[in-house]
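Here are my notes on the model, as numbered points. Have the viewer open while you go through them.

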Amino acid sequence: MGDKHKVRFEPVGVEIEVDEDQTILRAAAEQGVMLMHGCKEGQCAACKSFILDGDDVEHDRYSTFALPDYEKEEGFTLLCRAHAYEDLTIELLNYDEEMIHSGLPIQQARVEVVSKDRVTHDMRHLVVRLIEPQSLKFFPGQYMDFAIPGKDETRSFSMANTSSGPDGLLEFVIRIYPGGLFSQFLDTEVAVGDQLEITGPFGVFTLRDAPGTDVVFVGGGAGMAPILALLRSMAERGIDRKATFYYGARRRKDLCFTDELAELAGKLPDFRYVPALSEPEDSEEWDGEVGLITDVVRRHEGDLTGTDAYVCGPPPMVEAAIELLPVLGVADKRIFYDKFTTTGEAEDR
């Protein structure tokens, strides 16, 4: 362990102690301070902040798309890659006071694989059971880091269920990428009964309390997992907010959890599921929406003023949705998103 330094976050007035060996984001999470973040790999810029006081900060490797050199020179930083070597004061640019003090302790856990069923040709529904500890508290929509045996790396995957429950089960929806460091391992090596190491929970893609406010969900790919968790949570809690889930896929074979979403439409009094195919094959029967999912949202929705929006999936889809939703009236601060960044060509939560 290295020396420790104090880091104060403004304008919220929260102060934490950070070890030099930790990133500032990780230290905050371990102390129950839930800062806005996404990938934790320096790629998505969700945790970008500004250093008000202090300059002895070093960064692990990150993407200059997330933090261009000129921004770093001006004093901007990525909390997920930043190490403090003196006391700092940091201005949070993207924060949610409702969430900051609601953090849960980060835990390491060992789990046993229960199943890894195909839900599409390239996505797996991974179910694991907690061994130690036997339960783990998290908010629906959060994610866990999976350790990769034999590698000093982890990969992050969102949970699709709302709690570990008495059976200690956790569910994940994982896209398989050729050569993916974890997904290829999952596809070709992991078997029922195998044990894996996970750490978490992480993430702020959780349902905000806003009774009477309409909700729009926009998802694609493995973004199904956290949105499904939020919808399941709404059904369990009897939340009757008007909700629409727009889900984009390339072809019909890329759709999943269709039956459960139909069941949720029966449980949630004002819920509508709108799948869309961007490249439907001529041979498949499809009378649903066609086009990019953001184009479908634009066709269906007029004025979304006062609506909360939750967006989750591949970066291009998320970026397009973040650009579109304010045009339709959604306030920037009411757009909550989880951008599934990739590592090289390999990985996607």
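1. Leaving aside neighbours within four places in sequence, T77 is in contact with C47, K48, S49, I51, V57, H59, L67 and A82, where contact means heavy atoms within 4.5 Å. T77 sits in strand β5 (residues 76–78). T77 is buried, at a relative accessible area of 1%; buried here means under 20% relative accessible area, exposed over 50%, and partly exposed in between, with a 1.4 Å probe and protein chains only. Its side chain also makes a polar contact with the side chain of H59, at 2.7 Å. A polar contact is a pair of N or O atoms within 3.5 Å; within protein, one must be able to donate a hydrogen and the other to accept it, and residues adjacent in sequence count only if both atoms are side-chain atoms.

2. A word on the ground rules. This is a predicted model, so local features need pLDDT of at least 70 and side-chain atom pairs count only at pLDDT 80 or more, while totals for chains, interfaces and linings use all residues. Residues are numbered from 1 along each chain as its sequence is written, and side-chain values use heavy atoms, with hydrogens and water left out. Helices (H or I, at least four residues) and strands (E, at least two) are DSSP runs, numbered from the N terminus.

3. Which residues of helix α7 are buried? In α7 (residues 293–300) they are I293, T294, V296 and V297. They span an arc of only 155 degrees around the axis, so they lie on the same side of α7; the arc is that of the directions from the helix axis to the C-beta atoms. The buried residues of α7 pack against β14 (215–220), β15 (243–249), β16 (271–277), β17 (289–290) and α8 (315–327).

4. Take V297 from that helix. V297 counts as buried, at 1% relative accessibility. Beyond its neighbours within four places in sequence, V297 is in contact with V218, Y246, L324 and L328. For a sense of scale, V297 and L67 are 230 residues apart in sequence and 30 Å apart in space, C-alpha to C-alpha.

5. Now α8. This helix has 13 residues and reaches 19 Å from its first C-alpha to its last, close to the 18 Å expected at 1.5 Å a residue (the expected span is 1.5 Å times one less than the number of residues). Its buried residues are P315, M317, V318, A321, L324 and L325, and what covers them includes β14, α7, β18 (308–313) and β19 (335–339). Just after α8, G329 takes a positive phi of about 110 degrees.

6. In soluble globular proteins, nonpolar side chains tend to be buried together.

7. Leaving aside neighbours within four places in sequence, F245 is in contact with F217, G219, M224, I227, L231, L261, F271, R272, Y273 and V274.

8. Backbone items to check by eye. A cis peptide bond joins E10 and P11, with omega about 10 degrees; P11 is in the loop between β1 (4–10) and β2 (14–19). Another cis peptide bond joins G200 and P201, again with omega about 10 degrees, and P201 is in strand β13 (residues 195–202). K40, not a glycine, has a positive phi near 65 degrees; K40 lies in the loop between α1 (24–30) and β3 (48–53) and is buried, at 16%. F257 has a positive phi of about 55 degrees, in the loop between β15 and α6 (258–267), and counts as buried at 15% relative accessibility.
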